[in-house]
Amino acid sequence: MTTLTATQPFQINISSAELDDLHRRLDATRWPDPAPDAGTDFGRGVPLRYLQELADYWRHGFDWRAQEARFNELPQFTAVIDSQRIHYLHVRSAEADALPLLITHGYPSSVVEFLELIGPLSDPRSHGGDPQDAFDLVIPSLPGFGFSTPVRQTGWEMGRTTAAFAELMAGLGYSRYGAHGGDIGAGVTGRLGATDSEHVAGTIVVSDPGALGLAGEQFPIPEHLTDEERTRVEQERTTWRAERGYLDLQSHRPETIGAALTDSPVGQLAWIVEKFQTWTNPASKTPDEAVDRDQLLSNVSLYWFTRSGATAARFLWEAAHSNLDWIAPSGVPSGWVVFNTDPIMRRFMDPQHQMAYWNEHSEGGHFAAMEEPALLVDDLRAFFRNLR
């Protein structure tokens with residue numbers, strides 16, 4: 001029996017006072033002095049000169065109202081599930097036999113990540129695809145992210161979120177659906193396959209070589225790897241140790257960083273943009289070479305206006321203290337798509353080639369739906385084609 005209640009249409013309407021406050025804070029930014037050896041790369045974080053240029057564009061060039069209008073062209077709703085407000089996009093296809101597909105974002109992302117997927121997936125007829133590949137799309141905001149706020153109870157982590165999203169699909173009348181996601185969304189997607197297998201047709205996640213950095217922490221290092229492959233894994237583990245400061249801080253002291261991210265738009269900007277630099281395709285010199293600048297700033301703006309820098313940090317704290325494994329064994333067909341791939345990835349993740357679907361791309365990176373949406377659309381269509 002579903003606990004979904006209080007479903008109602010939703011439109012984004014950030015007040016002029018909120019916009020004015022953002023602009024005032026950007027104008028009054030208290031910048032640090034440049035480092036004596038200031039460089040232009042991201043080896044020590046976001047370079048000051050780049051951050052200043054991007055903040056200036058956010059203040060004077062970025063049009064939030066245009067982005068807001070684009071969002072509001074999409075059917076949006078909120079519902080109360082397990083006493084928590086959940087915001088979601090629900091785009092029904094015109095095709096009668098469309099497969100429902102639940103898409104879940106990660107951190108530091110939001111539903112903004114999937115904007116370029118919506119048309120091709122829900123309306124392939126108008127986007128050069130086969131109408132038989134159409135999907136009904138349900139794209140929720142994780143609890144504590146975007147408009148799935150405020151969060152009034154503790155305990156919202158990956159397991160509880162997975163259960164809520166299963167309730168969402170049931171409450172919308174979908175008795176059979178597919179699931180897709182990356183980052184936190186990959187964990188939710190896999191757990192749906194494990195806990196709601198009666199209704200899940202299949203699960204497919206996106207990844208990148210950065211996942212190897214979690215080896216020995218979130219999952220074991222396979223014994224069959226060669227010495228050369230073990231060296232490659234250790235390289236990614238070393239890279240992850242340098243990257244994971246954001247996660248350690250939010251997993252243990254979310255209130256401290258939450259206060260800073262809620263008070264300083266440039267702080268929130270730098271916090272998110274750094275990950276869009278280090279996790280996207282390394283061929284890109286800056287984050288907005290890897291993804292569209294306005295889409296990137298729409299994502300940052302969503303965190304700012306909803307004050308979800310703090311509540312997203314609390315989600316990561318809850319996840320770190322939940323004692324749930326990141327990967328949940330699943331009996332439903334599953335697939336992986338790896339972007340900016342490395343030859344070791346399949347040897348590590350699927351050595352026996354047991355996955356129902358595996359594909360690799362040299363392009364893209366962690367935010368595949370923003371970096372290479374056309375490639376990801378092709379993979380989603382291909383994976384679910386035989387599961388309808």
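Biologist: In which element is Leu249 placed, and what makes a stretch a helix here?

Modeller: Leu249 sits in helix H8 (residues 245-252). A helix is a DSSP run of H or I with at least four residues, a strand is a run of E with at least two, and both are numbered from the N terminus. The model is predicted, so local features need pLDDT of at least 70 and side-chain atom pairs count only at pLDDT 80 or more, while totals for chains, interfaces and linings use all residues. Residues are numbered from 1 along each chain as its sequence is written, and side-chain values use heavy atoms, with hydrogens and water left out.

Biologist: Why is Leu249 called partly exposed?

Modeller: The relative accessibility of Leu249 is 32%. Buried means under 20% relative accessible area, exposed means over 50%, and partly exposed lies in between (1.4 Å probe, protein chains only). Leu249 therefore counts as partly exposed.

Biologist: Which residues does Leu249 contact, leaving aside neighbours within four places in sequence?

Modeller: They are Pro254, Ile257 and Trp271, where contact means heavy atoms within 4.5 Å. Leu249 and Trp64, 185 residues apart in sequence, are 30 Å apart in space, C-alpha to C-alpha.

Biologist: How do you know that the side chain of Glu95 makes a polar contact with the side chain of Arg125?

Modeller: The distance is 2.9 Å. A polar contact is a pair of N or O atoms within 3.5 Å; within protein, one must be able to donate a hydrogen and the other to accept it, and residues adjacent in sequence count only if both atoms are side-chain atoms. The Glu95 and Arg125 pair thus counts as a polar contact.

Biologist: Why does Pro131 receive its accessibility class?

Modeller: Pro131 has 22% relative accessibility, so it counts as partly exposed. Pro131 is in the loop between helix H4 (115-122) and S5. Although 36 residues apart in sequence, Pro131 and Glu95 are 6.8 Å apart, C-alpha to C-alpha. Not counting residues up to four places away in sequence, Pro131 touches Glu95, Pro124 and Arg125.

Biologist: What is the order of strands in the open sheet, and which are its edge strands?

Modeller: The nine strands follow the order S1-S2-S3-S5-S4-S6-S7-S8-S9, with mixed pairing. Strands S1 (5-9) and S9 (357-360) are the edge strands, each pairing on one side only.

Biologist: How do you know that S6 and S7 pair?

Modeller: Strand S6 (residues 177-182) and strand S7 (residues 200-207) share six bridges in the parallel sense, and two strands pair if DSSP finds at least two bridges between them. Within this pair, Ala179 stands opposite Thr203 in S7.

Biologist: What is the span of H16 against its expected span, and which of its residues are buried?

Modeller: H16 has twelve residues and reaches 17 Å from its first C-alpha to its last, close to the expected 16 Å. The expected span is 1.5 Å times one less than the number of residues. In H16, the buried residues include Leu376, Val377, Leu380, Phe383 and Phe384.

Biologist: What makes a nonpolar core, and how many residues has the largest one?

Modeller: A nonpolar core is a set of buried Ala, Val, Leu, Ile, Met, Phe, Trp, Tyr and Cys residues joined through side-chain atoms within 4.5 Å. The largest has 113 residues, and Leu121 and Phe384 are among those with the most contacts inside it. Helix H12 (residues 293-306) supplies the largest share of this core, seven residues.
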